[in-house]
Amino acid sequence: MKLSILKLLLAMALLYNVFSYRLAAAPMSIWADASLTIANVQVGSTELEAFIDTVMLDDMMINHVPGAVVSVVKDGQLIFERGYGYADYENRIPVNPDHTLFRVGSISKLFIWTAVMRLVGRGKLSLGADVNIYLDFQIPPTYPEPITMKSLMTHTAGFGGSDQGLFRKRPDELSSLEQYVKMYMPARVYPPSKIEIYSNYGAALASYIVECISGMSFNDYVEKNLLIPLGMTHSTFRQPLPLELGPDLDNGYNFLQGRYVKAGFEYIVAYRVGSLSSTGADMALFMVAHLQNGKLGKCRILSEQAAKQMHDQLFTHDPRITGMAYGFYENNINGQRVLSHGGGIVLWSSKVYLILDQNTGLFISTNGPGGVITREVLFKRFMDHYFPSAPSSVQHPTEGFSKRVAPYLGMYYPAVNNFTTFEKLLSGITMIKVILYTKGYLVISQDSQRIQFTEVEPGLMRKIDDTNVEFVLHTVENGQAYLLLIGTLISWGIAALIRPRKREPSPFLSRLARWTSILLALLLMVILAGWSSLLITPDPVFDKPVIPFSRPPLFYALYRLRYTMSGLAG
């Protein structure tokens with residue numbers, strides 16, 4: 001397996017009625033009417049409203065998003081908040097930005113990292129220490145270098161991608177955070193601080209460390225030290241929702257066969273990494289606190305030093321491209337440094353953007369899967385409208401590019417894939433193809449998406465029509481042992497089946513080996529057929545394979561067959 005194009009996932013990610021309400025979640029003295037001043041142009045709130053309304057209403061219709069919320073802050077003030085469409089489509093209940101709770105997914109991790117930096121600022125946690133000193137169990141020393149909080153915050157701990165046990169459809173299937181981090185630890189596949197592999201497990205481990213250090217449950221710690229001080233009274237990590245907030249939860253919807261299909265509550269087992277439910281108004285408070293280096297009104301959730309440190313770059317694969325701050329993703333958009341974090345569970349999609357030098361933040365959340373496109377469209381048009389970049393000239397391939405790029409052509413697995421548990425069977429459907437176009441451009445394709453890049457300097461690639469999308473060519477040695485093993489095993493079994501029968505009798509051990517190989521091949525075919533059945537059987541609402549949400553009997557039967565195969569192979 002070759003691993004290249006370390007920033008590819010960021011590039012491939014893609015990247016009705018209007019109702020307006022006033023903020024009620026925090027003291028009104030915090031907010032005031034304001035206008036957005038950007039790039040020396042005074043833009044009145046009416047213009048801002050018209051602009052965002054146009055983008056949202058058009059794109060929501062195109063991408064079948066039934067409901068959404070948007071909030072914008074500037075210079076410590078809320079300057080725009082609006083709900084779009086419906087929180088309850090069947091009953092035509094509109095989205096209320098003050099009260100409608102959206103599932104914001106992995107934006108939850110920003111609260112983990114903020115809690116971590118709060119403990120750092122109080123001298124209770126060292127970012128560079130081996131995390132084993134804070135845990136009541138030990139992470140195996142697969143590599144000489146220890147896993148630190150810095151590597152957890154940048155997703156460079158080296159854990160293989162794994163979401164085993166992450167989603168459930170019923171609350172009685174939830175386990176404790178302690179059980180999750182001890183039961184579902186992925187294999188360590190890279191040394192720390194080398195390769196960025198997005199890790200839900202790593203974030204869950206960090207939240208467990210918060211519990212271990214504080215002596216409080218993560219829920220209690222975040223409520224006491226972040227949510228309540230900020231006035232985020234309509235936000236919670238708790239599952240199911242508290243009774244007083246339950247009626248305000250919006251319904252997630254899928255668009256199937258020409259109609260919206262209502263979903264149930266998606267339970268996150270490692271709930272700290274993705275279970276936050278919040279409103280547009282509450283998320284505005286969180287954005288302002290970060291833009292003001294940990295301060296909101298008279299409340300301070302982070303020391304100024306800790307907040308500034310959190311916003312600095314912590315890791316990059318190459319100094320020529322952006323990387324990770326302390327939990328935030330770092331991007332250069334139209335010449336502006338932007339910190340962001342997206343969040344998505346199956347039917348909800350959200351993202352928070354902080355434009356630091358402009359003291360501006362934007363939050364969007366949607367209740368349909370098409371929202372992952374809507375959020376990117378809104379922010380791109382927002383940046384192009386209020387922070388336009390100078391026109392760029394068309395880039396042409398540099399001299400010698402074809403020769404330099406030749407070793408990188410081929411098929412790739414995203415680094416986030418799992419290669420050590422049953423989830424490795426899913427890796428084949430996420431493969432990325434890299435080819436050299438006849439005109440000298442590099443073309444990257446996944447599913448039906450195709451993106452063209454050109455080399456702007458040796459090893460540095462840039463999207464042809466978007467200077468904001470860049471990556472570097474880089475190779476990590478890690479051969480294709482898994483694919484070769486499967487291929488060898490299948491061909492061995494087939495060869496045993498079609499080999500001409502010898503006239504002289506074979507020795508007993510030879511016959512045993514031959515029939516064992518046949519049995520192994522047949523078992524492998526059964527396992528592959530079984531997994532294929534699971535993968536093509538979608539959940540009726542989420543329209544995704546059932547195995548992330550439940551474990552049907554066939555799953556356990558197939559999983560146990562591996563012991564039979566191991567015994568036969570041994």
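These notebook entries record what I looked up in a predicted model.

**Ground rules.** I number residues from 1 along each chain as its sequence is written, and I use heavy atoms for side-chain values, leaving out hydrogens and water. Because the model is predicted, local features need pLDDT of at least 70 and side-chain atom pairs count only at pLDDT 80 or more, while totals for chains, interfaces and linings use all residues.

**Entry 1: Thr279.** I found Thr279 in the loop between β12 (277-278) and α8 (280-291). Helices (H or I, at least four residues) and strands (E, at least two) are DSSP runs, numbered from the N terminus. Is Thr279 buried or exposed? Thr279 is buried, at a relative accessible area of 0%; buried means under 20%, exposed over 50%, and partly exposed in between (1.4 Å probe, protein chains only). Leaving aside residues up to four places away in sequence, I noted that Thr279 touches residues including Asp98, His99, His234 and Phe363; contact means heavy atoms within 4.5 Å.

**Entry 2: Helix α7.** I checked the span of helix α7 (residues 218-230). At 1.5 Å a residue, its 13 residues should span 18 Å, and the end C-alpha atoms are 17 Å apart, which agrees. The expected span is 1.5 Å times one less than the number of residues. I also noted a bend of about 40° at Lys224 in α7, the bend being the angle between axes fitted to the seven residues ending there and the seven starting there. Among the buried residues of α7 are Phe218, Tyr221 and Leu230. The buried residues of α7 pack against α3, α6 (200-214), α8, β13 (295-296) and β14 (299-300). Just after α7, Gly231 has a positive phi of about 80°.

**Entry 3: Salt bridges.** I looked up the salt bridges, and the structure holds 14; each is a side-chain nitrogen of Lys or Arg within 4 Å of a carboxyl oxygen of Asp or Glu. Arg82 pairs with Asp53, with the closest N and O atoms 2.8 Å apart. This pair links distant parts of the chain, since Arg82 is in strand β5 (residues 77-88) and Asp53 in helix α2 (residues 45-62), 29 residues apart. Arg82 counts as buried at 8% relative accessibility, and Asp53 is buried at 15%.

Lys308 and Glu304 form another salt bridge (3.2 Å, N to O). Being four residues apart in helix α9 (residues 304-311), they are separated by about one helical turn. Lys308 is partly exposed at 42% relative accessibility, and Glu304 is partly exposed at 41%.
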